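This report covers a ligand site, a nonpolar core and a few individual residues. The sequence and the structure are shown first.

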Amino acid sequence: MNQDLFTGNLVRLTTLDIEQVSEAESRWSRDSEYWRLQAGETYRPYSVQATKKLYEKYVKEDDPTMFAFIIRTIDDDRMIGEVGLDGIHWNHGDCFVGIGIGEREFWGKGYGTDAMNVILRYAFTELNLWRVSLNVFEYNPRAIRSYEKAGFVHEGRVRAALNRAGRRWDIIYMGITCQEWQSLHS
Ligand SMILES: CC(C)(COP(=O)(O)OP(=O)(O)OC[C@H]1O[C@@H](n2cnc3c(N)ncnc32)[C@H](O)[C@@H]1OP(=O)(O)O)[C@@H](O)C(=O)NCCC(=O)NCCS
C-alpha cells in the first residue's frame, strides 16, 4: 500500500507532456524497425504536428477506457518510451496493453519489462482489472520473451496474418490474469 504505484526498479511512469512526447514520438517514428515491431499498419514516419494532434485528441476526449503514460528512467529522468492500457471493458475487467521503448539503446536491458511490471501492478491493484491482453508479432522474440518474464501466457495465434519483408508472419496473443499476477508477486 505504501509504495509509489508508478515507480519500478529502473523506470517510473509519468503523465503525457504533449510537447515532449510529440517530438519524441515523431523522432521514434523515423526508425522503421521500431515502428514495424509494434504496428501492423503500413509504415510511414509521422510529423511532430500529426503526432501532437493525436495526443491532443486523446487528452481532450479523456476516454475512460484508455490510460497512457510516458516511461522515464529513474536514474536521469530520461523519456525512453510509452506504455498504455486501452480498450478497457469495465464490465469484463479486461483490457489490452501496448508498450514501446523508442530509445533503442535501452532495448534488452530490462527497462521495458520493468515498465510492464509497473503498469500490470496498476491494472490489478488500482484499476482492479481481471485480465490484461496483448498481441505481438512473430518476428519480435525480444518482446515475446519480455512478456513471458512479466508473467504473460501464450493464448493463441492468428496464422500468417501479416505480410512483411517478403513473407507471412503470425500474430501471437498473450494474456495474464489477476490471479496469475498475484501468484507471481505474493
Ligand atoms: C519489447 C520491449 C518493450 C521489451 O523491453 P526490454 O527492456 O527490451 O526487455 P528486457 O530487456 O527486459 O527483456 C528482453 C528479453 O529478450 C531476450 N531477447 C533479446 N533479443 C532476443 C532474440 N532475438 N531472441 C530471443 N530473445 C531475445 C533478452 O535476452 C531478454 O531476456 P532475458 O532477460 O531472459 O535474457 C522493448 O524491447 C521495445 O520496446 N522494443 C521496441 C518496440 C517493441 O518491440 N514493442 C513491443 C511491441 S509488441
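At what distance does a polar contact join the side chains of Asp-94 and Arg-131? The distance is 3.4 Å. A polar contact here is a pair of N or O atoms within 3.5 Å; within protein, one must be able to donate a hydrogen and the other to accept it, and residues adjacent in sequence count only if both atoms are side-chain atoms.

The model is predicted: local features need pLDDT of at least 70, side-chain atom pairs count only at pLDDT 80 or more, and totals for chains, interfaces and linings use all residues. Residues are numbered from 1 along each chain as its sequence is written, and side-chain values use heavy atoms, with hydrogens and water left out.

Asp-94 is part of strand S4; helices (H or I, at least four residues) and strands (E, at least two) are DSSP runs, numbered from the N terminus. The side chain of Asp-94 also has a polar contact of 3.3 Å with the side chain of Ser-133. With neighbours within four places in sequence set aside, the residues in contact with Asp-94 (heavy atoms within 4.5 Å) are Gly-87, Ile-88, His-89, Leu-129, Arg-131 and Ser-133. Trp-35 is 59 residues from Asp-94 in sequence, and the C-alpha to C-alpha distance is 26 Å.

Leu-129, one of those partners, sits in the loop between H4 and S5. Leu-129 has a relative accessible area of 2% and is therefore buried; buried means under 20% relative accessible area, exposed over 50%, and partly exposed in between (1.4 Å probe, protein chains only). Arg-12 and Leu-129 are separated by 117 residues in sequence and by 21 Å in space, C-alpha to C-alpha.

**The nonpolar core**

A nonpolar core is a set of buried Ala, Val, Leu, Ile, Met, Phe, Trp, Tyr and Cys residues joined through side-chain atoms within 4.5 Å. The largest one has 55 residues, and Leu-85, Met-116 and Phe-152 have the most contacts inside it. H4 gives the largest share of this core, 9 residues. Beyond four places in sequence, the contacts of Leu-85 include Phe-67, Phe-96, Val-97, Ile-119, Tyr-122 and Leu-129.

**The ligand site**

The ligand is surrounded by 23 residues, each with a heavy atom within 4 Å of it. Ile-101, Gly-108, Gly-112, Thr-113 and Lys-149 are the closest.

| Residue | Polar atom | Distance to a ligand oxygen atom |
|---|---|---|
| Lys-109 | backbone | 3.1 Å |
| Tyr-111 | backbone | 3.2 Å |
| Thr-113 | side chain | 2.4 Å |

Taken alone, the ligand exposes 950 Å², of which the protein buries 73%; accessible areas come from the Shrake-Rupley method with a 1.4 Å probe, and for residues only the protein chains shown count as cover. Two or more residues of the shell come from each of helix H2 (32-38), strand S4 (94-101), helix H4 (111-125), strand S5 (131-137) and helix H5 (141-150). The largest share, 7 residues, belongs to H5.

By class, 10 residues of the shell are nonpolar, 9 polar and 4 charged. Ala, Val, Leu, Ile, Met, Phe, Trp, Tyr, Cys and Pro count as nonpolar, Asp, Glu, Lys and Arg as charged, and the others, Gly among them, as polar.

**Two positive phi angles**

Most residues other than glycine have a negative phi. Asp-77 has a positive phi of about 60° although it is not a glycine. Asp-77 lies in the loop between strand S2 (67-73) and strand S3 (79-89), and counts as partly exposed because its relative accessible area is 37%. Asn-128 also has a positive phi, near 55°. Asn-128 is located in the loop between H4 and S5; its relative accessibility is 56%, so Asn-128 counts as exposed.

A polar atom of the Ser-22 side chain is 2.6 Å from the backbone oxygen of Ile-18. Neighbours within four places in sequence aside, Ser-22 is in contact with Val-48, Thr-51, Lys-52 and Tyr-55.

Glu-61 belongs to helix H3 (residues 48-61). With 49% relative accessibility, Glu-61 counts as partly exposed. Glu-61 is 72 residues from Ser-133 in sequence and 23 Å from it in space, C-alpha to C-alpha.
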